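Look over the model first, then read on.

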Amino acid sequence: MNTTIEEIDGKYVATLEGEMDTPSAVQAEEVLKALYDTGGKDVIINCKGLVYIASSGLRILLGIVKGAKASGCRVILRDVNDDIKNVFRLTGFINIFEFE
C-alpha cells in the first residue's frame with residue numbers, strides 16, 4: 001500500500017495505491033491521520049490505484065470526512081473503481097462521500 005499527501009491549489013490531495021487491507025490500513029493511517037484536521041482545506045482522495053479496501057480503511061476515510069465536515073470542508077473521492085464503489089454501496093457509505 002502506497003499512501004501520499006500533497007497540497008495542490010489550496011487542497012490536500014491524498015493518493016491511495018494498492019490494497020488497503022487491515023495491516024496496510026494501520027500504515028496508511030499514520031500518513032492519513034494528518035487529514036483528520038484539514039485546517040479549512042478541502043481534501044481529494046485519489047483512488048485510481050486502490051484495488052481493495054477493508055473495513056479498517058473505511059474507518060480511516062470516515063475519520064477524514066468527520067474532521068473535514070466539522071470545519072466546513074469537503075472530501076471528494078476521485079477515480080474510484082466499480083469494485084471499491086460497490087463496497088461503499090454495501091456499507092451505506094455511498095451517501096457519506098462525494099465521488100468524482
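Arg59 has a relative accessible area of 46% and is therefore partly exposed (buried is under 20%, exposed over 50%, partly exposed in between; 1.4 Å probe, protein chains only). The model is predicted: local features need pLDDT of at least 70, side-chain atom pairs count only at pLDDT 80 or more, and totals for chains, interfaces and linings use all residues. Residues are numbered from 1 along each chain as its sequence is written, and side-chain values use heavy atoms, with hydrogens and water left out.

**Salt bridges**
- The count is five salt bridges (a side-chain nitrogen of Lys or Arg within 4 Å of a carboxyl oxygen of Asp or Glu).
- One of them joins Glu29 and Arg59, N to O at 3.4 Å.
- Glu29 sits in helix H1 and Arg59 in helix H2 (residues 55-70), so this pair ties together parts 30 residues apart in sequence (helices are DSSP runs of H or I, at least four residues; strands are E, at least two; both numbered from the N terminus).
- Glu29 is buried, at 19% relative accessibility.
- Another pairs Arg74 with Glu98, their closest N and O atoms 2.7 Å apart.
- Arg74 lies in the loop between H2 and strand S4 (75-78), and Glu98 in strand S5 (residues 98-99), 24 residues apart.
- Arg74 is partly exposed at 39%; Glu98 is partly exposed at 33%.

**Ser24**
- Ser24 belongs to helix H1 (residues 22-32).
- Its relative accessibility is 8%, so Ser24 counts as buried.
- The Ser24 side chain reaches the backbone oxygen of Glu19 at 2.7 Å.

Note on methods. A polar contact is a pair of N or O atoms within 3.5 Å; within protein, one must be able to donate a hydrogen and the other to accept it, and residues adjacent in sequence count only if both atoms are side-chain atoms.
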